[in-house]
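Let's walk through a protein together, one piece at a time. Keep the picture in view as you read, and try to find each part as it comes up.

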Amino acid sequence: MFIDLNIPQQSNLAQEFFLLRQTIDYQIYRPMQAWQWMTQTRSAPDQYDWVRPEVTESWQRCLDEYRLPLGNYANWDRYQIISQPIQLDNPSQKIETLIKQLNLNFHVFLKEAGVMMMLVAADGRLLYALGEQQPGSFMSRASERGTNWLESVLGNNGIGTAIELKKPVAFQGMEHFLSVLHPFTTAGYPLLDESGHLLAVIGLVSSHHQESMNSLFAFLHLICVLVNTDFPVAKNLLAQQRVLEKISFRAVPKTSGAFGDAAVSPALEELVKKAVKLQQYKIPILITGESGVGKDHFVNLIKKVGPRKNTPLIAINCASIPHDLIESELFGYASGSFTGAKSTGKPGKFMLADTGILFLDEIGDMSFDLQSTLLRVLETSEFTPVGGNKPIHVDVQVVAATNVQLLEAVEAGRFRRDLYYRLNGAQIHLQPLRDRADKKAIIHHILQRELNAMSTEEASIEICREVISLFEQHPWPGNIRQLINVIRATLYTASSRFITIQDLPIDFIAELKQQKLLDITRSRHPDAQDNLSVMSLSDWELHGIKTALKDCDGNISLAAKKLGITRTTLYKKIERFGLNKTGDDGLLYAAMSN
């Protein structure tokens, strides 16, 4: 008996999506920015390079047709997703019986791969689930028999969208409309009869994004072949084992300890423990450190092991909230509050974060109007929605983060002194990567993590010792964010499977040369050492921006993607350094033209 394990033609969409990550194009794929933009504008993005058209179209359905709650939804854990008792028709009952016959061997296979497989009826209700149970209270409820996986209930997901489109489809992370699905990858494969009528959908759910997904899609296709043809292999355990041996995949490494597979050094673990103790007494936490040191990662760590680990984590980028939407974004609005308001009203960020953590990112760039508004709520833990008449009390743990020297901003009149002391209940400083004692361990951890995320074919990549040595010597002015970008760009754009110095990004080498020059200067002029160390970060940043702008011929969008920042941030930096779009000194050119 021969079974074709290749993915059929109609599933090219899903296959191409997972192959996309293995190309450099994936480096400019920005589902996070797209989702955050959607939560701010309440419309699906039309930027072609942010998300795939399938994602945009499904988000549009969630907004216009289903009117699902946009962004994070505080009461989602209490949202009704279990349908009425299931009454199976004959085709569904037959499919469920066949799936159950595969349970023994296939269940072990799925658990080793870190994946849960679901059989879902044509009306979206879950019939049967087997394999690795996915983490989180929401997913434990969503894997119960009778849970409705339709797009109109859970937003776009591989299973519900496969029902909608009647074709294989997959979504990953922040491609999902609803935030409760952001930790997962979902994939769905429809079972159709000869007339094209949908019988059921077989789906996969995994919290290990991209791990062995190509092989798992082959596995998903295999299951559908077995069900559609009723092969005897479905009832023969030895035949099942022989079939599974043909599917090549790497087992997902099992995490241990409170922090899982995160790179947590003893020093960082002590900071996390300190932050957890502060949460127990609801003391506001202010996290400081240079851009890219991992402040958002630290906040996720303290939530994961803290007393509010099963509650919402709502993040606010304080620099990006439009002035006219400050109050409605923070506090929401009542129905009929203003022209264009939703008839049902809208919960604000504070309501969404009730019982959980409110993360105020880039607090140093907050507008002065927002500072005054925020201070009142932090003092009383109460707010009144726009157009409302009753104050609402919330229980929120406030965590703020900044790369700005707030005390200097206070003295300069850019930041309210009373708000500073309200937020600074306790301060935690994250060291830059170049100063961390575990710098080499972090570099090797991230390097190994990126290698593990690559496909089986690409996993044979070797890196010469000289490249590893340069990684360890580099000053990393962009910290961990820069480290991740450089490693990914190097691995995915290498000219061969043996990575040498020639494969490293140009700006990376330029920064290293500049560091060597600074070291020589310091050795010759020890008195200038302190001054040089202050100037070096700005010089590195200026050089990186100039190089990106020139390489991209003044294309701001491409340059911002190459640098790993938003276009708005790049424009601000261009203005700060007095550059023009081609990376030249704009002020100098303006002076020469006069």
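A residue is called buried when its relative accessible area is under 20%. Keep that cut-off in mind, and remember too that this is a predicted model.

Let's begin with the whole chain. The protein has 594 residues, and 49% of them count as buried. Its secondary structure comprises 25 helices and 16 strands.

Now find the five-stranded sheet. Its strands are arranged in the order E2-E1-E5-E4-E3, forming an open sheet with antiparallel pairing. Strand E2 (126-131) and strand E3 (169-172) are the edge strands, each pairing on one side only. From one strand to the next, the twist averages 15°. What holds such neighbours together? Strands of a sheet pair through backbone hydrogen bonds, either parallel or antiparallel.

For a closer look, pick out strand E4 (residues 185-192) and strand E5 (residues 198-206), which are joined in the antiparallel sense by 8 bridges. One of the residues to look for is Gly188, whose bridge partner in E5 is Gly203. A helix also packs on this sheet: H8 (residues 158-165) touches strand E1 (115-121), E3, E4 and E5. The direction of H8 makes about 35° with that of E4.

Strand E7 (residues 313-317) runs parallel to E10, and 5 bridges join them. Here Leu313 has Ile357 of E10 as its bridge partner. E10 also runs parallel to E13, with 4 bridges between them, and Leu360 has Ala400 of E13 as its bridge partner. Is E10 enclosed or open to the outside? Because 4 of its 5 residues are buried, E10 is largely enclosed by the rest of the structure.

E13 has another partner, E6: these two pair in the parallel sense over 4 bridges. Ala400 turns up again here, as the bridge partner of Leu286. E6 also pairs with strand E14 (residues 426-429), again in the parallel sense and over 4 bridges, and there Leu286 stands opposite Gln427.

Which way do the side chains of a strand point? In a regular strand the side chains alternate between the two faces of the sheet. You can follow this in strand E6 (residues 285-288), where Ile285 and Ile287 point one way while Leu286 and Thr288 point the other way. All four of these residues are buried.

Now turn to helix H15 (residues 368-380). At 1.5 Å a residue, its 13 residues should span 18 Å, and its end C-alpha atoms are 19 Å apart, which agrees. Which residues of H15 are buried? They are Leu370, Gln371, Thr373, Leu374, Leu375, Val377 and Leu378. An α-helix has 3.6 residues a turn, so residues three or four places apart point the same way. As for surroundings, the buried residues of H15 pack against several elements, including helix H13 (326-331), strand E10 (357-361), strand E13 (397-402) and helix H17 (417-423).

Is Asp503 buried or exposed? Its relative accessibility is 12%, so Asp503 counts as buried. Setting aside neighbours within four places in sequence, Asp503 is in contact with Thr490, Ala494, Ser495 and Phe498.

How many disulfides does the model have? The count comes to 0 disulfides, taking a pair of cysteine sulfur atoms within 2.5 Å as the rule.

Our last stop is a pair of helices. The axes of helix H23 (residues 556-563) and helix H24 (residues 567-577) come within 9 Å and cross at roughly 100°. That makes H23 roughly perpendicular to H24. Where they meet, H23 contributes Ile556, Ser557, Ala559, Ala560 and Leu563, while H24 contributes Arg567, Leu570, Tyr571 and Ile574.

Key:
Residues numbered from 1 in each chain as written. Predicted model: local features only at pLDDT ≥ 70, side-chain atom pairs only at ≥ 80, totals over all residues. Heavy atoms only, no water. Expected span 1.5 Å × (residues − 1). Buried < 20%, exposed > 50% of the residue type's maximum accessible area, 1.4 Å probe, protein only. Contact = heavy atoms within 4.5 Å. Pairing = 2+ DSSP bridges. Axes fitted to C-alpha atoms, helices over the stretch in contact; angles between N-to-C directions. Parallel < 35°, antiparallel > 145°, perpendicular 65-115°, else oblique.
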